[in-house]
Amino acid sequence: MLQMVGEWFWWDRIWLPSNLTWSDLEDQEGRVYAKVSDLYITVPCSIAFLVIRYLFEWLIATPVAASFGIRDRVQRRAIESPVLEKYFCSCCRNPTQSDIDGLSKKCGWTSRQVERWFRQRRNQDRPGLLKKFREASWRFVFYLLVFIGGFIALYDKPWFYDTQEVFASFPKQSLLNSQYWYYITEMSFYGSLLFSVTFDVRRKDFKEQIIHHLATLTLLVFSWCANYIRIGTLVMIVHDASDVLLEVLHVVQAQDM
């Protein structure tokens, strides 16, 4: 059953032009083509990115934040209340007025005191400015470096200036070392973001973030397997350029808060 599904999934007609088969894209005559097995290295590389990120935030981003005077504000902690804490963790972080009235009777507090407790408790869970600054700094540095690396890899290629060259002799386009490492770096980074999304600053668009990372990885894998390498690198460098500016705004926003 699995073999049949695999054969259907990798059916030549789905991935390649009608006059080609997978056997035509085997390494020969000095030509090297992208293979699915090449992507296995992205798993350990994603873990390596997590380690590098931790070291960067600890050794570089934190001292830089201190030099800018960025530090976490001291939040007033909510008074201990087992009843309210249980409701906060298991039911709702923003209770309705009727729930507040019911909880105030259980605790022997006024409704105003219960409202204040929930507000203080929510503030305790908000990420600090220092954490936001470190995360934004890490992404900014990565996007800047990978954009520079992508430009160095592409500036001397004819398809960087003439889009008609993108599909010249497609899909029989030999894989270059610079293209290989550009793809592996990008996929490993987004893999690390997918791993770290659970302990990063939780944003309002948390679900959308996960969908974005999964969609990005899916598109990168598809373009790799179908040998859309040239157009893939052009798309990546355009997105990296915009992401650099986006993370600059995040860094500045963290400084101004």
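Me: What is the handedness of the crossing of α3 and α7?

Reply: The crossing of α3 and α7 is right-handed. Keep in mind that this is a predicted model. Helix α3 covers residues 42-67 and packs with α7 at an angle of about 120°, their axes being 9 Å apart.

Me: Which residues make that contact between α3 and α7?

Reply: On the α3 side you have Phe-49, Ile-52, Arg-53, Phe-56, Glu-57, Ala-61, Thr-62, Val-64 and Ala-65. From α7 come Leu-130, Phe-133, Arg-134, Glu-135, Ser-137, Trp-138, Val-141 and Phe-142. Sort the contact of α3 with α7 by class and you get 11 nonpolar, 2 polar and 4 charged residues.

Me: Now α7 and α8: at what angle do they pack?

Reply: Helix α7 (residues 129-154) and helix α8 (residues 177-196) pack at about 165°, with axes 10 Å apart. For the reading, angles over 145 degrees count as roughly antiparallel, and α7 and α8 are therefore roughly antiparallel to each other. As for handedness, α7 passes α8 in a left-handed crossing. The α7 residues in this contact are Trp-138, Arg-139, Phe-142, Tyr-143, Val-146, Gly-150, Ala-153 and Leu-154. Their partners on α8 are Ser-178, Tyr-182, Thr-185, Glu-186, Phe-189, Tyr-190 and Leu-193. By class, the contact of α7 with α8 holds 10 nonpolar, 3 polar and 2 charged residues.

Me: Which residues does UniProt list as "transmembrane region"?

Reply: The unreviewed UniProt entry lists residues 47-70, 140-160, 180-199 and 211-229 under that name. You can check such a span against the model's coordinates. For residues 140-160, the end C-alpha atoms lie 24 Å apart, and the span is 71% helix and 0% strand. For residues 180-199, the end C-alpha atoms lie 30 Å apart, with 85% helix and 0% strand.

Me: Stepping back, how many helices and strands does the protein chain have?

Reply: The protein chain has 10 helices and 0 strands. Of its 257 residues, 36% are buried. For contacts between residues at least 6 apart in sequence, 78% join residues at least 24 apart.

Me: Can you show me one such pairing in detail?

Reply: Ile-237 and Phe-151 are 86 residues apart in sequence, yet their C-alpha atoms are 7.3 Å apart in space. Setting aside neighbours within four places in sequence, Ile-237 is in contact with Phe-147, Gly-150, Phe-151, Leu-154, Phe-160 and Tyr-182. Buried means under 20% relative accessible area, and Ile-237, at 6%, is buried.

Me: And the backbone: what is the phi of Ser-169?

Reply: The general idea is that most residues other than glycine have a negative phi. Ser-169 has a positive phi of about 65° although it is not a glycine. Ser-169 sits in the loop between α7 and α8, and is exposed, with a relative accessible area of 57%.

Me: Then Asn-227: is that residue buried or exposed?

Reply: Asn-227 is buried, with a relative accessible area of 4%. Asn-227, not a glycine, has a positive phi of about 65°. You'll find Asn-227 in the loop between α9 (206-225) and α10 (229-256).

Definitions and conventions. Residues numbered from 1 in each chain as written. Predicted model: local features only at pLDDT ≥ 70, side-chain atom pairs only at ≥ 80, totals over all residues. Heavy atoms only, no water. Axes fitted to C-alpha atoms, helices over the stretch in contact; angles between N-to-C directions. Helix = DSSP H or I, 4+ residues; strand = E, 2+ residues; numbered from the N terminus. Parallel < 35°, antiparallel > 145°, perpendicular 65-115°, else oblique. Left-handed = near helix turned anticlockwise from the far one by under 90°. Contact = heavy atoms within 4.5 Å. Nonpolar A, V, L, I, M, F, W, Y, C, P; charged D, E, K, R; others polar. UniProt positions renumbered as here; feature names shortened; annotations may be inferred. Buried < 20%, exposed > 50% of the residue type's maximum accessible area, 1.4 Å probe, protein only.
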